[in-house]
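This report describes the architecture, helix contacts and selected residues of the structure shown below.

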Amino acid sequence: IFYNMAIGGHLSSNARKFSVVGAPPTLNEVLSETAKKVIQKPAAIIDHSKDDHFKRDIMEIMGKFSDLMRNQSPQMRGPQSSTLKNISFVFQDFAEVFTVKELSVMIASFISSVQYSPQLELLNKEKLVLINKLACSPFFLEYGAMEILLPAVLKQIGLHLNCG
């Protein structure tokens with residue numbers, strides 16, 4: 001009873017099912033009951049529209065990052081530099097949400113949006129570091145990734161090689 005009062009007197013249906021004289025259910029009991037409900041739920045009624053909405057939101061955010069990288073304003077150099085330094089970590093997490101092809105297209109688009117200018121030495125170096133991280137990653141060798149990423153990577157490297 002004290003446990004029930006300590007959590008506001010409310011018990012979930014799983015907790016009520018297992019409560020004995022106010023004792024809380026064990027974690028295993030709650031997980032077991034929850035797992036049974038999930039397994040019994042037919043796959044046809046699981047709502048995938050939330051996943052699609054989430055993917056669209058992320059793609060929109062990546063579009064905003066690409067817009068940032070295209071911005072030629074000197075005030076944007078700091079945010080652009082920070083984006084280039086940290087975006088590879090984000091790409092690693094996106095691999096859990098997107099297919100190889102979807103992620104490859106997003107990465108290629110992002111890399112292509114990073115401007116090249118001989119005056120922007122720091123930005124150029126950070127872009128090349130990002131390209132190096134990408135080319136050295138296992139993702140680059142995934143089936144379908146290289147055929148999308150390689151043209152974008154070679155174009156960017158070509159810009160740097162033809163600068164002199």
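## Basis and overall architecture

Helices (H or I, at least four residues) and strands (E, at least two) are DSSP runs, numbered from the N terminus. On this basis, the protein has 8 helices and 0 strands, and its elements run α-α-α-α-α-α-α-α from the N terminus on. The model is predicted: local features need pLDDT of at least 70, side-chain atom pairs count only at pLDDT 80 or more, and totals for chains, interfaces and linings use all residues. Residues are numbered from 1 along each chain as its sequence is written, and side-chain values use heavy atoms, with hydrogens and water left out.

Of the 164 residues in the protein, 32% are buried; buried means under 20% relative accessible area, exposed over 50%, and partly exposed in between (1.4 Å probe, protein chains only). Contact means heavy atoms within 4.5 Å. Among contacts between residues at least 6 apart in sequence, 58% join residues at least 24 apart.

## Packing of α6 against α7

Axes are lines fitted to C-alpha atoms, for helices over the stretch in contact, and angles run from 0 to 180 degrees between N-to-C directions. The axes of helix α6 (residues 100-113) and helix α7 (residues 121-135) come within 11 Å and cross at roughly 160 degrees. The two helices α6 and α7 are therefore roughly antiparallel to each other; angles under 35 degrees count as roughly parallel, over 145 as roughly antiparallel, 65 to 115 as roughly perpendicular and the rest as oblique.

The crossing of α6 and α7 is left-handed, a term that applies if the near helix is turned anticlockwise from the far one by less than a right angle, with right-handed used if clockwise. From α6, the contact involves I107, F110 and I111, and from α7, K127, L130, I131 and L134. These residues comprise 6 nonpolar, no polar and 1 charged. Here Ala, Val, Leu, Ile, Met, Phe, Trp, Tyr, Cys and Pro count as nonpolar, Asp, Glu, Lys and Arg as charged, and the others, Gly among them, as polar.

## Packing of α7 against α8

The axes of α7 and helix α8 (residues 145-161) come within 11 Å and cross at roughly 145 degrees. This crossing of α7 and α8 is left-handed. On the α7 side, N124, K127, L128, I131 and L134 meet L149, V153, Q156, I157 and H160 of α8. By class, the contact of α7 with α8 has 6 nonpolar, 3 polar and 1 charged residues.

## Aromatic pairs

The whole structure contains 2 aromatic pairs. Rings of Phe, Tyr and Trp (its six-membered ring) pair if their centres lie within 6.5 Å; planes under 30 degrees apart count as stacked, over 60 as edge-to-face and the rest as tilted. F91 and F110 form an edge-to-face pair, 6.0 Å centre to centre with 75 degrees between the planes. This pair links distant parts of the chain, F91 lying in helix α5 (residues 77-94) and F110 in helix α6, 19 residues apart. F91 is buried at a relative accessible area of 7%, and F110 is buried at 0%.

The ring centres of F94 and F98 are 5.8 Å apart and their planes lie at 70 degrees, so this pair is edge-to-face. Both F94 and F98 are buried.

## Residues of α5

Q80 lies in helix α5 and is buried, with a relative accessible area of 0%. Not counting residues up to four places away in sequence, Q80 touches L68, M69, N71, Q115 and L123.

G78 is also found in helix α5, where its relative accessibility of 42% counts as partly exposed. G78 and L123 are 45 residues apart in sequence and 9.2 Å apart in space, C-alpha to C-alpha.
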